[in-house]
Amino acid sequence: MKALNQILERARRDPRRIVLCEGEDERILSAAAKAAEQGIAQILLVGSRAGITAAAKRCGVDLAAVEVIDPADSPLTDDLARALLALREKKGMTPEQAATAIREPLCFANMLVREGHADGTVAGAVNTTADVVRSAIQLLGLAPGSKLVSSFFLMMLCKPFHSLKGGMIFSDCGLVIDPGAGELAQIAMAAADSAQALLDEAPRVAMLSFSTSGSARHGSVEKVVQAAREVKAARPELAIDEDVQLDAAIVAEIAERKLPDSKVKGNANVLIFPDLEAGNIGYKLAERIGGAEAIGPLLQGLAKPANDLSRGCSVDDIFHVIAVTTVQAQSLSAAGEA
């Protein structure tokens with residue numbers, strides 16, 4: 001079964017409550033209806049009821065399977081405003097500001113998740129990445145042990161011509177521009193957790209560089225090596241290679257020749273790029289030339305699932321991110337029960 005189909009099937013087996021807050025956008029409406037109808041999530045659509053209803057009518061979308069919540073008349077609004085005030089009062093928020101802010105759909109959606117009324121959020125078709133990430137950090141907070149929010153792409157290699165098959169995690173390709181060694185270590189550990197949650201297999205992490213096992217000397221190589229060693233110290237059980245070139249990360253024969261002591265052995269499913277420039281170029285090469293399907297950018301390091309969308313996203317993009325968010329919520333719940 002294709003890796004993406006596996007994620008969709010896992011979502012259908014245990015659908016979670018996923019909030020969308022840009023309900024007057026035709027793509028959001030279509031993806032929300034599709035996700036609800038196909039059973040990959042219980043969809044909560046936050047926004048102006050009149051605006052959402054009118055938009056759905058214009059584009060012929062049936063929202064019978066979707067729950068629409070309007071902050072203007074929801075019985076949850078006052079409680080969520082009080083919770084928001086308690087959270088942000090030390091930052092200078094007043095009761096009046098909390099009452100106004102909670103009526104903004106993005107804020108309301110994240111507070112629904114924070115207060116346990118929903119399991120994850122998806123936004124970014126209309127809101128900017130900066131607004132989506134800022135709201136998620138402020139209202140959902142960081143996961144225990146996390147010091148950084150970063151992003152990843154879930155890359156699907158499922159076509160007949162792909163020599164590698166299945167899913168891979170590419171990180172960070174969309175958020176942290178020039179991470180230091182400590183930040184790069186945080187990205188690597190978060191990406192390993194994302195692989196465990198979404199690929200349902202043990203993470204095998206390659207810290208990408210233009211050097212393999214010290215074949216070149218440069219400050220950027222030293223950063224990658226230091227980051228890898230910080231990961232090893234924190235997660236000694238994790239299969240991770242230090243500075244490694246892409247070919248040695250994904251081709252077993254080359255890994256055996258270049259890096260005989262490799263823990264990953266040319267079978268990486270998590271690729272950690274040294275900076276955003278390399279990561280952004282890398283995922284777009286894989287997508288546009290390599291024919292991989294890119295899902296994301298997705299967020300990691302948060303206490304609860306919250307994912308960003310490209311403002312150029314398609315209905316299928318949104319649908320797939322909803323499925324991923326459901327599986328992330330399942331994994332978080334399972335970890336809490338363990």
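Colleague: What makes strand 5 and strand 6 (residues 166-171) a pair?
Modeller: Two strands pair if DSSP finds at least two bridges between them. Strand 5 and strand 6 are joined by 6 bridges, so they count as a pair, and they run antiparallel. Within it, Met-156 has Gly-167 as its bridge partner, and Met-155 stands opposite Met-168. Strands here are DSSP E runs of at least two residues and helices are H or I runs of at least four, numbered from the N terminus. This is a predicted model, in which local features need pLDDT of at least 70 and side-chain atom pairs pLDDT 80 or more, while totals for chains, interfaces and linings use all residues. Residues are numbered from 1 along each chain as its sequence is written, and side-chain values use heavy atoms, without hydrogens and water.

Colleague: Which other strand does strand 5 pair with, and in what sense?
Modeller: Strand 10 (residues 293-300), in the antiparallel sense over 6 bridges. Here the partner of Met-156 is Glu-293.

Colleague: Why are strand 8 (239-244) and strand 10 called edges?
Modeller: The open sheet has 6 strands in the order 8-7-9-6-5-10, with mixed pairing. Strand 8 and strand 10 each have a single partner strand, so one side of each has no neighbour in the sheet. The twist averages 20° from one strand to the next. Helix 8 (residues 181-199) packs on this sheet, with contacts (heavy atoms within 4.5 Å) to strand 5, strand 6, strand 7 (204-208), strand 9 (270-272) and strand 10. Its direction makes about 160° with that of strand 6, where axes are lines fitted to C-alpha atoms, for helices over the stretch in contact, and angles between N-to-C directions run from 0 to 180 degrees.

Colleague: What is the strand order in the sheet of 5 strands?
Modeller: That open sheet has the order 3-2-1-4-11, with parallel pairing. Strand 3 (67-69) and strand 11 pair on one side only, as edge strands. Strand 2 (residues 41-46) and strand 3 are joined by 3 bridges and run parallel; Leu-45 has Val-68 as its partner in strand 3. Helix 6 lies across strand 1 (16-20), strand 2, strand 3, strand 4 and strand 11, at about 160° to strand 4. Helix 7 touches strand 4 and strand 11, at about 170° to strand 11.

Colleague: What makes a void in this model a cavity, and how many are found?
Modeller: On a 1 Å grid over the protein atoms alone, a cavity is a set of points where a 1.4 Å probe fits but cannot get out; lining residues have an atom within 4 Å of a point. The search finds 1 cavity of 30 Å³ or more. Helix 6 (105-114), strand 4 (120-123), helix 7 (129-140) and strand 11 (306-308) each supply at least two lining residues of the largest cavity. Among the lining residues are Cys-21, Leu-106, Asn-110 and Val-132.

Technical notes. 1 Å grid on protein atoms, 1.4 Å probe; cavity = no way out; pocket = protein on both sides within 12 Å on 5 of 7 lines; lining within 4 Å. Points joined across faces, edges and corners; volume = space filled by probe spheres on them.
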